[in-house]
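Below is a brief report on one model. It covers salt bridges, the barrel and its helices.

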Amino acid sequence: MSRRPMIAGNWKLNLTVEEAVSLAGEIASGLMRDDLDVLVIPGFLALEPVALSLSSSPVLVGGQNLFWQEQGAYTGEVSGPQLKAAGARYVLVGHSERRQYFGETEKTCRLRLEAALKAGLRPILCVGETRDERESGQTEGVVESQLAGALAGLSAGEMAEVTIAYEPVWAIGTGLTASEEQANQAHAYIRGWIGSRFDKLVANSTGILYGGSVKSANAAGLLHQPEVDGALVGGASLSAESFLGIIQAA
Ligand code: PEP
């Protein structure tokens with residue numbers, strides 16, 4: 001089954017609204033591919049202005065996180081319906097920086113994922129092991145428990161809306177990248193797990209992105225692996241030139 005590739009740029013805690021709109025414009029005007037999805041993931045303040053500026057472009061917009069309640073006395077939080085109304089189509093769930101600095105657990109990932117689906121957003125669930133976990137042979141066990149926790153109780157129909165991002169923590173923002181073989185092997189493991197938890201059809205249609213220091217120089221090798229369906233890019237998505245270079249290499 002052919003899966004449509006996706007290149008997603010996670011802008012994290014970077015860029016003013018003006019800078020974000022300007023970068024989005026540069027990406028949209030330099031985009032020369034229509035055979036893959038391009039997604040930009042600005043900070044919350046810039047999300048709606050970026051989405052409005054991209055309204056006549058194929059570039060999609062996503063949120064970096066969401067809270068599981070739709071509204072109420074939850075100071076500082078942003079809900080799925082708010083993201084959707086602002087123009088988001090996708091939302092990250094369980095990025096390793098959320099797990100590391102903001103107490104994200106498998107249970108809260110599950111709640112966020114369910115809230116995203118309920119709001120009509122497509123969740124991108126991020127999973128991946130730390131360096132210690134890889135070196136002690138726990139990669140598959142860690143990824144398995146992250147998948148099992150966040151996807152608990154999901155139907156095959158709901159899973160069809162979910163994208164997975166395999167992001168080894170040791171490769172995020174460090175300049176270290178998983179080798180092509182390491183990435184392909186981890187993606188194959190994830191696809192196999194989805195096949196046994198759901199079914200083969202779901203497994204073969206689920207997009208699995210690789211993330212961890214992807215740049216234009218290493219993108220082609222990673223993105224041409226058979227199990228790798230695209231990339232979630234952090235640092236290299238903050239310049240139109242490098243992000244478009246990755247898109248061209250896909
Ligand atoms: C990320 O934030 O998801 C990421 C992969 O970052 P970087 O590309 O900078 O490693």
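Arg-131 is partly exposed, with a relative accessible area of 42%. Buried here means under 20% relative accessible area, exposed means over 50%, and partly exposed lies in between (1.4 Å probe, protein chains only). The model is predicted: local features need pLDDT of at least 70, side-chain atom pairs count only at pLDDT 80 or more, and totals for chains, interfaces and linings use all residues. Residues are numbered from 1 along each chain as its sequence is written, and side-chain values use heavy atoms, with hydrogens and water left out.

Arg-131 forms a salt bridge with Glu-135, the closest N and O atoms being 3.5 Å apart. A salt bridge is a side-chain nitrogen of Lys or Arg within 4 Å of a carboxyl oxygen of Asp or Glu. Glu-135 is exposed, at 58% relative accessibility. Helices (H or I, at least four residues) and strands (E, at least two) are DSSP runs, numbered from the N terminus.

## Salt bridges between distant parts

The structure holds 12 salt bridges. One of them joins Glu-227 to Arg-191, with the closest N and O atoms 2.5 Å apart. This pair links distant parts of the chain: Glu-227 sits in the loop between α11 (216–223) and β8, Arg-191 in helix α9 (residues 180–197), 36 residues apart. Arg-191 is buried, at 6% relative accessibility. A network of salt bridges links Arg-3, Arg-191, Glu-227 and Asp-229.

Glu-161 pairs with Arg-122 in another salt bridge, with the closest N and O atoms 3.6 Å apart. Glu-161 is partly exposed, at 34% relative accessible area. Arg-122 is also partly exposed, at 28%.

## The barrel

8 strands close into a barrel, in the order β1-β2-β3-β4-β5-β6-β7-β8, with parallel pairing. The twist averages 25° from one strand to the next. Two strands pair if DSSP finds at least two bridges between them.

Strand β6 (residues 163–166) is joined to β5 (residues 122–127) by 4 bridges, and the two run parallel. Cys-126 has Ala-165 in β6 as its bridge partner. Ile-124 stands opposite Thr-163 in β6. Towards β7 (residues 208–211), 3 bridges join β6 in a parallel run. There, Tyr-166 has Tyr-210 as its bridge partner. Both faces of β6 are covered: Thr-163 and Ala-165 are buried on one side, Ile-164 and Tyr-166 on the other.

## Helices around the strands

Helix α12 (residues 240–249) lies across β1 (6–10), β2 (37–41) and β8 (230–233), at about 160° to β1. Axes are lines fitted to C-alpha atoms, for helices over the stretch in contact, and angles run from 0 to 180 degrees between N-to-C directions.

Helix α5 (residues 106–118) has 13 residues and reaches 18 Å from its first C-alpha to its last, close to the 18 Å expected at 1.5 Å a residue. That expected span is 1.5 Å times one less than the number of residues. Among the buried residues of α5 are Thr-108, Arg-110, Leu-113 and Leu-117. Their cover includes β4 (90–93), α4 (96–101), β5, α7 and α8 (156–159), where contact means heavy atoms within 4.5 Å. After α5 comes Gly-120, whose phi is positive, near 80°.
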